[in-house]
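Student: I am new to this structure. Please take me through one part of it closely, then show me what else is there.

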Amino acid sequence: MNSTTAKQLDPNQINVILATDCGSTTTKAILIEKIDGEYRQTFRGEAPTTVEEPAADVTVGVVNAVTEVGELAGRKLIDDNGEIIRPAHGDTGCDIYISTSSAGGGLQMMVAGVVREMSAASAKRAALGAGAIVMDTICSNDKRLPHEQIQRIRELRPDMILLAGGTDGGTQKHVVELAELIAPAKPQPRFGGTYKMPIIFAGNQEAAELVEEVFDDDVKLTTVANVRPVLELENLAPARDAIHDLFLEHVMAHAPGYNKLISWADAPIMPTPGAVGNILQTIAEQQNINALGVDIGGATTDVFSVFNGTFNRTVSANLGMSYSISNVCASATLPMILRWVHLEMDPRELRNHIKNKMIRPTTIPQTREALIFEQAVAREALRLAYIQHKEFATTLKGVQQQRTVGDTFSQLTSGASIVDNMKLNLLVASGGVLSHAPSMNQTASMMIDAFEPEGMTVLAKDSIFMMPHLGVLAQVHPRAALQVFERDCLIYLGTCIAPRGLYRAGKTCFRYHIRSKSLEESGEMLCGEMKMFPLDENEQAVVTVEPGRGYDFGNGSGKRKEFKARGGKVGLILDARGRPLVVPTSETDHLTELNSWVEELQLYPEPALTEV
């Protein structure tokens, strides 16, 4: 394997970078080149992923996608033997090749921990952070009988299991009992019957020997540092690194054609969501900001966040825009979806639309009504996924600064969400319904309605879902990854400014003054109003806001605040609808308000629909 090659190369000698993302249906390749001393993404290509029959070799799809990039770039990247040419000479080859993968369903894991709210929650965070889909969580207090838990382990066939429990030096009994539950289940891996099930033990280090005695040679046991060494601390990095290594060594190595792909790559192949999380963490760290990213797909919605340096990722496995669209409608309910629809619609037709979308998941809306309805569903899918994310991204449960006897019984339910909309600086959207909306105003509107940002928040979207490629590049060449992320990956939509405070009909929410090279505007915002101002992406505006009583922009109720707002394709949006956002329930008010927002944000102008 060439995983050390990239590290030995002098970053200044890396001029041509080839990156692929092997998705479950499509393999996407991009070329990054050094132009005038700066790295830019120049060409992209894609081809069907070939992990299944008849090809049953992932590298076939990779070669096809890379060949397309080479043809577009006028650069020969594949030699006569079907191998990637390295290093680059003139208009031939590349200096490094890197890849991510979610083909074959990505990385699927089970986690086990003694207490659901503590060690099991920490283990789940480690698995999700590594890019895994967590199929189930087994714990001592999950209310299932031992035989039911054993049956569940047998049925699921995960790629690997992460076992945690106990603080270092604490009781050993419970985590050993958990191991004794997993061992007789004899879990079978998903790919290939010839290799051993990888199990990672990241619990009480003093119980490691006892846990090793429980498992026989049918499994490959790896022991790493405890994910929860003490009650007040989480240490997820060693478990995350072990998951990446085992993903490469065991899971990927047994998927069709991956051995060859691993030998080509100049850095370890990462699970796609792990790479997306990686670039978001890198950006948040470099720019010293809090960032939130979302990727909404056909079956699942991933939410990534970095707040005060702490990274969290959640997968809402039943919230998506095609395969899972009926789950969204069932979870959100039709009235909640229809509160975003400003036209009269027949509920029966809508139910038919939902069923058709499940049967034909790749179709896109063909009418104005279908587009409006689908974007209303997207708002609810994103809103629900964000609620799940906030519930998961919490301070450590079981930890209290000052404990009393009365707290002893309530401490397991402590743990406040670390996600704070007022402190959110950057919100990044990706996934078909957001990235490929006919108008960028629609993308911005869906994000504001679903996530309800407060204070000042910059809105952006991933232009061609390049974040996975850049996430793995950040491991090898952080400067190149950051330059391409800033210049080619993100399309800045603009800035949203909104106060926290409840909607009060007819009241003044805040006064504003906007000053930039091209703009000088002042006025007041009544509750329920939205206003949009053009602000070019290379422009900044100084926005001064004076909130009414009960409204807060981050300085406290009624206190003035000044922002430096960034422009973008959409511009500057002022939102006085209140937080939490409430859409009027009476039908007349509802349609009047909705139509005023649609008109102000220019959401569905006729020319935009020709692009659908």
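Tutor: Start with the open sheet of 4 strands. This is a predicted model. The strand order in this sheet is β18-β17-β20-β21, and the pairing is antiparallel. Look at the two ends of that order. β18 spans 520–526 and β21 spans 561–566. Both stand at the edges with a single partner strand each, so one side of each has no neighbour in the sheet. Between neighbouring strands of this sheet, the average turn is 20 degrees, direction ignored.

Now move to one pair within the sheet. Strand β20 covers residues 540–547. β20 and β21 pair in the antiparallel sense, over 6 bridges. Find Val 545 and follow its bridge across: the partner in β21 is Lys 561.

Next, compare a second sheet. Here 5 strands form an open sheet, and the pairing is parallel. Read the order as β6-β5-β7-β8-β9. The edge strands are β6, at 132–139, and β9, at 219–223. Each of these edge strands pairs on one side only. From one strand to the next, the twist averages 20 degrees.

Strand β8, residues 197–201, pairs with β9 in the parallel sense over 5 bridges. Ile 200 has Thr 222 as its bridge partner in β9.

Helix α5 takes in residues 173–185. α5 lies across β5 (107–113), β6, β7 (160–163) and β8. Against β7, helix α5 runs at about 160 degrees.

Leave the sheets and turn to the cavities. The structure holds 2 cavities of 30 Å³ or more. The largest cavity has a volume of about 130 Å³. It is lined by 16 residues. Closest to its centre are Trp 340, Arg 379, Asp 449, Val 598 and Leu 603.

Which helices supply the lining? α13 (368–392), α15 (440–451) and α18 (587–600) each give at least two residues to the lining of the largest cavity. The largest share, 4 residues, comes from α13.

Last, sort the lining of the largest cavity by kind. There are 10 nonpolar residues, 3 polar and 3 charged.

Terms used. Residues numbered from 1 in each chain as written. Predicted model: local features only at pLDDT ≥ 70, side-chain atom pairs only at ≥ 80, totals over all residues. Heavy atoms only, no water. Pairing = 2+ DSSP bridges. Axes fitted to C-alpha atoms, helices over the stretch in contact; angles between N-to-C directions. Contact = heavy atoms within 4.5 Å. 1 Å grid on protein atoms, 1.4 Å probe; cavity = no way out; pocket = protein on both sides within 12 Å on 5 of 7 lines; lining within 4 Å. Points joined across faces, edges and corners; volume = space filled by probe spheres on them. Nonpolar A, V, L, I, M, F, W, Y, C, P; charged D, E, K, R; others polar.
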